[in-house]
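Here are my notes on this model. Please read them with the structure open.

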Amino acid sequence: MSRVYVFDHPLIQHKLTFIRDKNTGTKEFRELVDEVATLMGYEITRDMPLEETTIETPVATCKSNVIAGKKVGLVPILRAGLGMVDGLLKLIPAAKVGHVGLYRDPETLQPVEYYVKLPSDVAERELIVIDPMLATGGSAVAAIAALKKRGARNLKLMCLIAAPEGIKMVQDEHPDVDIYVAAIDEYLNDHGYIVPGLGDAGDRLYGTK
Ligand code: URA
């Protein structure tokens, strides 16, 4: 069973309040999502392994730590996931960025891949799949499956807000993928929106409706 981490840092919770607020306009919404992505990136990278190296300061030779091990890949699910990429790249500028695009088949209601472009060394990377809203879990489960099909082995899922239904679906389908969120909300309404949520993340990021 995968683990769920809720980042309850006061700055994340404070900014999330204004992200949720329907009176927050597109520009401010986008900036806040970017800032929260950076703050979440600080937490999500907490388990990165370190290795010791030797350097010379202007004063002395010393041993000091640098990040070791796996290289990172960011994989936003189009389109709302894009809103969190730059915030993460501020902390992990060397990360490669893949993209997964999915649409929902109107008859089967199942997510269908329409675009998948990944770094060629995907199997060697620690991948962070990004989608601000984990609602039913259908898109996240399909995106993770698309990555695994192409060799990905080491995955985390990062969302702003999750519904319990989405968490359960990801845990059932991908028990190896830990989930990182800023909040777990109450439920999904009949239109598939997370309650209380923030509305449609893509529309609020890009000013569409
Ligand atoms: N996608 C969104 O953008 N918002 C929701 O509440 C659910 C899915």
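1. H4 and H5 cross in a right-handed sense. Bear in mind throughout that this is a predicted model.

2. Now the geometry of that pair. H4 spans residues 138-149 and H5 spans residues 164-173. Their axes lie 8 Å apart, and the packing angle is about 25 degrees. Angles under 35 degrees count as roughly parallel. H4 and H5 are therefore roughly parallel to each other.

3. Which residues of H4 and H5 meet? From H4 come Gly138, Ala140, Val141 and Ile144. From H5 come Met169, Val170 and Glu173. By class, this contact of H4 with H5 has five nonpolar residues, one polar and one charged.

4. Next, the aromatic rings. How many aromatic pairs does a search of the whole structure find? The search finds three. One of them joins phenylalanine 7 and tyrosine 180. The ring centres of this pair are 5.9 Å apart, with 35 degrees between the planes. The pair is classed as tilted.

5. Where do the two partners sit? Phenylalanine 7 is in the loop between strand S1 (4-6) and helix H1 (10-20). Tyrosine 180 belongs to strand S11, residues 178-184.

6. Last, the annotation. An unreviewed UniProt entry marks residues 6-208 as "domain: Phosphoribosyltransferase". Over residues 6-208 the chain is 31% helix and 32% strand. The end C-alpha atoms of that stretch are 29 Å apart.

Conventions. Residues are numbered from 1 along each chain as its sequence is written. This is a predicted model: local features need pLDDT of at least 70, side-chain atom pairs count only at pLDDT 80 or more; totals for chains, interfaces and linings use all residues. Side-chain values use heavy atoms; hydrogens and water are left out. UniProt positions are given in the numbering used here, feature names are shortened, and annotations may be inferred rather than shown by experiment. Helices (H or I, at least four residues) and strands (E, at least two) are DSSP runs, numbered from the N terminus. Axes are lines fitted to C-alpha atoms, for helices over the stretch in contact, and angles run from 0 to 180 degrees between N-to-C directions. Angles under 35 degrees count as roughly parallel, over 145 as roughly antiparallel, 65 to 115 as roughly perpendicular and the rest as oblique. A crossing is left-handed if the near helix is turned anticlockwise from the far one by less than a right angle, and right-handed if clockwise. Contact means heavy atoms within 4.5 Å. Ala, Val, Leu, Ile, Met, Phe, Trp, Tyr, Cys and Pro count as nonpolar, Asp, Glu, Lys and Arg as charged, and the others, Gly among them, as polar. Rings of Phe, Tyr and Trp (its six-membered ring) pair if their centres lie within 6.5 Å; planes under 30 degrees apart count as stacked, over 60 as edge-to-face and the rest as tilted.
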